[in-house]
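Open the model in your viewer and keep the selection panel at hand.

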Amino acid sequence: GLLTQIRDDLRKTIFEDDDEEGEGGDSMPEEKRQGWQKFFKRLNGAIRGEFEYEILLEDPLGNSYVQDLMVPEPDPGLREEEYVRSAEEEDELGITDMKTKEGQNGEYEKDDITAEERERAAKLIEEATGAGVA
């Protein structure tokens with residue numbers, strides 16, 4: 001599941017899409033190619049369950065979901081912690097620059113922002129999540 005998807009996505013990013021052997025093309029230095037091959041060999045071992053490992057999922061925007069398959073009993077292999085964004089993360093994500101105001105109905109509305117501010121915020125969100133903003 002998760003590790004297989006990570007492996008496949010990384011392989012496509014690092015090597016060429018049709019490079020199943022992990023050769024890395026002509027431009028990848030041999031030392032770097034060997035490092036990636038070693039990494040993928042170890043990752044494949046984790047996928048096959050050859051050793052124990054821990055996955056730490058940090059998600060400052062809270063876009064991830066990990067399903068607890070043991071509900072209502074607690075899963076001993078799953079640890080949940082409240083994530084508190086740092087001031088740096090808030091700034092990188094554009095949260096500190098968000099302009100909001102309380103509307104007449106008591107709900108928050110977007111304040112009038114300039115096109116430049118909107119574009120900057122959209123860029124920050126896209127960089128952080130890999131998803132575009134309409």
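Helices (H or I, at least four residues) and strands (E, at least two) are DSSP runs, numbered from the N terminus. This is a predicted model, in which local features need pLDDT of at least 70 and side-chain atom pairs count only at pLDDT 80 or more, while totals for chains, interfaces and linings use all residues. Residues are numbered from 1 along each chain as its sequence is written, and side-chain values use heavy atoms, leaving out hydrogens and water.

Select helix α2 (residues 30-47), which holds both W36 and F39, three residues apart, about one turn of the helix. Rings of Phe, Tyr and Trp (its six-membered ring) pair if their centres lie within 6.5 Å; planes under 30 degrees apart count as stacked, over 60 as edge-to-face and the rest as tilted. The structure has four aromatic pairs. One of them joins W36 and F39, edge-to-face, at 5.6 Å centre to centre with 90° between the planes.

Next, show R11, which lies over the face of F40, 4.7 Å from the ring centre. A charge sits over a ring if NZ of Lys or CZ of Arg is within 6 Å of the ring centre and within 35 degrees of the ring normal. Then select R42 and F51: the charged end of R42 sits over the F51 ring, 4.1 Å from its centre.
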